[in-house]
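Student: I am new to this structure and would like to go through it slowly, one question at a time. Could we look at it together?

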Amino acid sequence: MLLIYTHKITPRVTYITRQVFSRILGIEIGHTTAVEDFIKHKGPKITYTRQPLQNEFFIQSSELLFQQGIEEVDIQMANWEDLPCFFSSAPRSNVPFDILAASFYLLSRYEEYLPHVRDQHGRFPPAESIAYQHDFLRLPLVDLWANKLLDKLRERFPEILTDRKPYKFTPIVDVTISHCYAHRGFFRGMAGFVLDLSRLKFKRMWERLRVSFNPALDPYDNFDRLIALDQQYKARTMFFFQFAEYSTYDKNLSTNSNAFKHLIKSVADYCIVSLAVSYAAAEEPETLKEEKKRLSAVIHRPVAYARMRYNRVEIPNTYRKLVDAEFSRDFSMGYTHEIGFRASTCTPFFFYDIALETQQPIQICPFAFHDYALTPYTSEETLLSELDEVFKSVKSVKGRLIPVFSNELLGGDQKINWLELYEKIIRRYHA
């Protein structure tokens, strides 16, 4: 066991040490504020406080993990063996910055509590983040720091034991619009036909007519192919279906559609099916609970995982609502139009509610990229080269690589064949 001495054991200290040492590095840890217990301990040990006790492994603490609430934080970037870092410490520290406070700052999304300008959907923009501003958005920086810290600990304590999970790849298919034309009802179909006619979109009009005679020709109906790929590569694909009432931003099939229910059931026979939370439900807790209840009734099993429409995560309110609705995991932590890690990690972590100073019982599974972030690339070779760098970083720290693909983009008419790209990504990055 790795024993951690600190002058005060706070909820923040407990939260971040468990995440860094236990969940990322697989090290059993204990905490103490008793100097005599620390000195008597014969195994690996570190002090996390203002001054070292003796000549032990020492990480100098800043004030962040011993405060409560939100305060303005002065971020001054530095460098630790080619990795960016902040919260620099004195030369006596075995690590040149407060690695635990810096990790807490990134994982808790501390900066999202501070004043910032939101985008049109109320989201925290990537350009507002220190990861974007200091060019480490594509790095799972917390994991890279943790692994470098493990190397330093092994120099001092070669006997230190770790029980680490292997690299994992989890593809997600986001089904907010299951069909482009089929099963959408007579009035919605006619309205779409008239709209296409007014815009002189003759190709779409022809596709509508073809699909009206044979719904299987719908360009978004690629579920058999996606399931076949999952079975072929044993990828354990997760499908998130929106199952909501029609609204301005929510335009999936009717929840009363038997064809839609049959589709969801058939996918659930092979893969994990969870809830793509509608735009409306993100604002209305009762609607969120109702959507969860309806989807659960269709697949005849509990729905425990969620993804927010447009990745609309408002810290901390979104996670409070998901906890209240009894979701155990969320897969919305990331940016729709930027490759990289919003919380600077590729390891699932529990949400820490700073306003309440407590860890919430919901695990956040951060995704590395959404397919909409790939649309600016016109060359598949360049695109894959960019993703290769992300994959190498995640693989090196035994993290979890989660890509998100939208059903409508997989079936869309684009320069890149997204279905073929999806298969290449599974083949390339699946363990």
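Student: How do the residues of the lining of the largest cavity divide into nonpolar, polar and charged?

Tutor: This is a predicted model, in which local features need pLDDT of at least 70 and side-chain atom pairs count only at pLDDT 80 or more, while totals for chains, interfaces and linings use all residues. Residues are numbered from 1 along each chain as its sequence is written, and side-chain values use heavy atoms, with hydrogens and water left out. The lining consists of Glu112, His116, Arg118, Gly122, Arg123, Phe124, Val313, Glu314 and Ile315, where Ala, Val, Leu, Ile, Met, Phe, Trp, Tyr, Cys and Pro count as nonpolar, Asp, Glu, Lys and Arg as charged, and the others, Gly among them, as polar. The residues of this lining therefore divide into three nonpolar, two polar and four charged.

Student: How much space lies in the largest cavity?

Tutor: On a 1 Å grid over the protein atoms alone, a cavity is a set of points where a 1.4 Å probe fits but cannot get out, whereas a pocket is an open set with protein on both sides within 12 Å along at least five of seven lines, and lining residues have an atom within 4 Å of a point. Grid points are joined across faces, edges and corners, and a volume is the space filled by probe spheres set on the points. By this rule there is one cavity of 30 Å³ or more, and the space in the largest cavity is about 60 Å³.

Student: Which residues lie nearest the centre of the second largest pocket?

Tutor: This pocket has a volume of about 450 Å³, and its lining divides into six nonpolar, five polar and nine charged residues. The largest share of that lining, three residues, comes from helix 1 (residues 11-24), helices (H or I, at least four residues) and strands (E, at least two) being DSSP runs numbered from the N terminus. Of the 20 lining residues, those nearest the centre are Arg23, Lys165, Thr347, Pro348 and Arg400.

Student: Which residue caps the N-terminal end of helix 12?

Tutor: Helix 12 (residues 380-396) has 17 residues and reaches 24 Å from its first C-alpha to its last, close to the 24 Å expected at 1.5 Å a residue, a span taken as 1.5 Å times one less than the number of residues. After the helix comes Lys398, whose phi is positive, near 55°. At the N-terminal end, a side-chain oxygen lies 3.4 Å from the backbone nitrogen of Glu381, and the capping residue that carries this oxygen is Ser379.

Student: Is Tyr105 buried or exposed?

Tutor: Tyr105 lies in helix 3 (residues 99-107), and leaving aside neighbours within four places in sequence, its contacts (heavy atoms within 4.5 Å) include Leu64, Val73, Ile75 and Phe86. Buried means under 20% relative accessible area, exposed over 50% and partly exposed in between, with a 1.4 Å probe and protein chains only. Because its relative accessibility is 3%, Tyr105 counts as buried.

Student: With which side chain does the side chain of Gln360 make a polar contact?

Tutor: Gln360 is placed in strand 14 (residues 358-364) and is buried, with a relative accessible area of 11%. Not counting residues up to four places away in sequence, Gln360 touches Arg320, Val323, Phe350, Phe351 and Asp353. At a distance of 3.4 Å, the side chain that makes the polar contact is that of Asp353.

Key
A polar contact is a pair of N or O atoms within 3.5 Å; within protein, one must be able to donate a hydrogen and the other to accept it, and residues adjacent in sequence count only if both atoms are side-chain atoms.
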